[in-house]
Amino acid sequence: LYIFIALLLVYLFVEMRQIGYRIFSDKAKDSPEVAKEMVLTVSEDESFLEIGRDLANKDIVDNAYIFALALRFSEGYKNIQPGEYVVNSGQKPSEILAQLTHKGEQGDG
């Protein structure tokens, strides 16, 4: 029984480490040469998970939950603006978030 519990704990540790790596690694799903593109429509009250599901359904990201967590742990996640965005599977989650927050589009004013 103790061996089973020890093996289970090792397995869970390895799995959690892989999930943590996928959340914080900020890697694109595809290379830019084979990237798929879509128009993502974000509404005012849409959650991170709903955005992730839209992207996962169109094969832009691998996992909606991992993407939603990556957005949540990113800086600036509170500034997501509703609208339509062209995103592709060659973009990192941080690049998609930059689009959703209009980062870099504001003038020097």
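Me: Which pattern does the protein chain follow, read along the sequence?
Reply: The model is predicted, so local features need pLDDT of at least 70 and side-chain atom pairs count only at pLDDT 80 or more, while totals for chains, interfaces and linings use all residues. Residues are numbered from 1 along each chain as its sequence is written, and side-chain values use heavy atoms, leaving out hydrogens and water. The chain has four helices and two strands, which are DSSP runs numbered from the N terminus (helices H or I, at least four residues; strands E, at least two). Along the sequence they follow α-β-α-α-β-α.

Me: What is the radius of gyration of the protein chain?
Reply: This radius is taken over C-alpha atoms, and the globule rule is 2.2 Å times the number of residues to the power 0.38. For 109 residues the rule gives 13 Å, and the chain is well over that, so it is more spread out than a compact globule. The C-alpha trace spans about 65 × 30 × 25 Å along its principal axes. The radius of gyration is 17 Å.

Me: Is I5 buried or partly exposed?
Reply: I5 is in helix α1, residues 2–24. Buried means under 20% relative accessible area, exposed over 50% and partly exposed in between, with a 1.4 Å probe and protein chains only. The relative accessible area of I5 is 39%, so I5 is partly exposed.

Me: Which residues of the largest nonpolar core touch the most other members?
Reply: A nonpolar core is a set of buried Ala, Val, Leu, Ile, Met, Phe, Trp, Tyr and Cys residues joined through side-chain atoms within 4.5 Å. The largest one has 15 residues, and those touching the most other members are L40, V42, I51, L55, F67, V87 and L100.

Me: Which residues does F67 touch, not counting residues up to four places away in sequence?
Reply: Contact means heavy atoms within 4.5 Å. On that basis, F67 touches I51, G52, L55, V61, P93 and I96.

Me: How far apart are the C-alpha atoms of I5 and V87?
Reply: Along the chain, I5 and V87 are 82 residues apart. Their C-alpha atoms are separated by 44 Å.

Me: What share of the 109 residues is buried?
Reply: The count covers the whole protein chain of 109 residues. Buried residues make up 27%.
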